[in-house]
Amino acid sequence: MSHSKNHEQEEAELALLSNEDSLSTTGSDDLEANQKDANTTTTTEPEYQTPTTVKFIWLGAYFLFSMLLTMYNKLILGSFKFPWLLTCLHTTFASVGTFGLLKLGYFKLSRLGRKEHMILVAFSVLFTANIAMSNLSLSLVSLAFFQIIRNTVPIFTVLIYRVWFGRSYFMATYISLCPIIIGAGMTTVGEYHYSAIGLFVTIFGVVLAAVKTVTTNRLMTGSLALPSMELLFRMSPLAAIQSLILAIIAGEIPAFADTMSQRATESSKLATAGTIAFLLGNGLLAFLLNVSSFQTNKLAGALTISVCGNLKQALTLAMGIFVFKDFTVDWLNGSGILLVLAGCASYSKAELDSKKRAAPTS
């Protein structure tokens with residue numbers, strides 16, 4: 001009887017050990033496989049997971065709104081010389097617009113802790129500082145020199161990714177950046193004048209622009225992974241407040257009040273209402289640009305946004321020639337425009353090839 005019980009106990013222990021080994025082996029295999037899948041997902045950048053059609057739709061929207069706002073700002077800043085109030089207007093519209101989208105259910109708010117809120121506050125300061133440094137640079141150097149230095153934003157974007165995130169691109173991508181940067185520089189050939197402090201401030205502004213672009217992308221694709229609309233919703237009120245404070249410091253509030261009072265005196269109520277409507281229209285267009293800009297940054301990547309900035313500069317120059325008749329083009333400017341267009345076509349092909357190589361093979 002005792003022998004039978006011992007035999008049954010041994011069989012039970014063997015079965016239990018067998019089950020434990022089976023569970024342990026299965027579990028560890030699954031975890032290892034999942035970990036491999038996770039690593040594969042993280043090494044494939046989000047922009048290479050986005051369908052090409054979707055990417056180009058958002059790029060097209062970003063380009064359209066960007067060019068329209070450039071022309072709109074050119075018209076409005078001729079008489080509305082209050083850059084900080086204009087920035088405050090843009091970010092206020094972004095706040096109101098994203099709040100409306102939130103109420104309509106287009107996105108939901110994530111549960112964030114104190115650390116995440118501090119990151120967003122720092123990002124809003126970076127956003128505002130980028131605008132401030134750009135304005136300061138323009139006051140210290142000539143416009144042509146400013147544009148030449150700003151053309152190097154893609155270089156700093158690549159360096160940030162290489163040094164900070166350890167990310168590399170395919171050789172074709174690096175090569176395609178050369179004609180884009182050189183061509184954009186050729187489009188701005190003109191009278192250069194700058195000081196040592198102006199050069200330093202301009203380069204620092206370019207670094208800030210690259211950091212802002214990369215940070216925007218990482219906040220939406222990194223560990224925080226905020227939806228683009230939520231990031232815009234959380235950042236815009238902070239940037240609006242900071243812009244308003246800077247407008248007060250710069251003395252724009254009383255100057256704007258005097259301008260509007262003078263216009264109200266000299267013009268009819270209808271003309272004053274038209275001026276207000278013109279400003280509100282600018283804010284609405286800026287909101288559409290912000291929405292498309294954040295979403296394009298998330299789906300197409302920070303480097304693509306930087307490249308689009310150079311392409312936008314070349315097309316803005318072309319519009320200045322053919323639409324606004326600002327200046328005449330010479331062979332160097334025209335060659336620069338064509339070189340930028342060729343470089344952007346080469347960059348697009350390089351990114352499409354990169355997506356094919358990065359696509360997981362089944």
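Analyst: Happy to. Setting aside neighbours within four places in sequence, Leu 303 is in contact (heavy atoms within 4.5 Å) with Pro 154, Thr 157, Val 158, Tyr 169, Thr 173, Leu 177 and Tyr 347. Please keep in mind that this is a predicted model, where local features need pLDDT of at least 70, side-chain atom pairs count only at pLDDT 80 or more, and totals for chains, interfaces and linings use all residues. Residues are numbered from 1 along each chain as its sequence is written, and side-chain values use heavy atoms, with hydrogens and water left out.

Leu 303 belongs to the largest nonpolar core, which has 39 residues. Such a core is a set of buried Ala, Val, Leu, Ile, Met, Phe, Trp, Tyr and Cys residues joined through side-chain atoms within 4.5 Å; buried means under 20% relative accessible area, exposed over 50%, and partly exposed in between, with a 1.4 Å probe and protein chains only. Leu 303 is among the members that touch the most others, together with Leu 69, Leu 177, Val 307, Val 340, Cys 344 and Tyr 347. Helices that give two or more residues to this core include H2 (52-76), H6 (153-165), H7 (171-187), H12 (302-322) and H13 (331-358). Helices here are DSSP runs (H or I, at least four residues) and strands are E runs of at least two, numbered from the N terminus. A second, separate core of 24 residues includes Leu 120, Phe 127, Leu 219 and Phe 287.

Leu 219 also turns up beside a pocket. The second largest pocket holds about 370 Å³ of space, and Leu 219 is one of the residues closest to its centre, along with Ile 119, Phe 165, Thr 215 and Arg 218, out of 16 lining residues. Helix H4 (114-140), H6 and H8 each supply at least two residues of that lining. A pocket is an open set of points on a 1 Å grid over the protein atoms alone, where a 1.4 Å probe fits, with protein on both sides within 12 Å along at least five of seven lines; lining residues have an atom within 4 Å of a point. Grid points are joined across faces, edges and corners, and the volume is the space filled by probe spheres set on them.

Rings of Phe, Tyr and Trp (its six-membered ring) pair if their centres lie within 6.5 Å; planes under 30 degrees apart count as stacked, over 60 as edge-to-face and the rest as tilted. The count comes to 4 pairs. Tyr 72 and Phe 278 are tilted, at 4.8 Å centre to centre and 50 degrees between planes, and they link H2 to H11 across 206 residues. Tyr 72 is buried at 18%, whereas Phe 278 is partly exposed at 34%. Phe 200 and Phe 204 are stacked because their planes lie at 5 degrees, with centres 6.4 Å apart. Both sit in helix H8, 4 residues apart, about one turn of the helix.

Finally, the chain as a whole: there are 13 helices and 0 strands, and 41% of the 362 residues count as buried. Among contacts between residues at least 6 apart in sequence, 86% join residues at least 24 apart.
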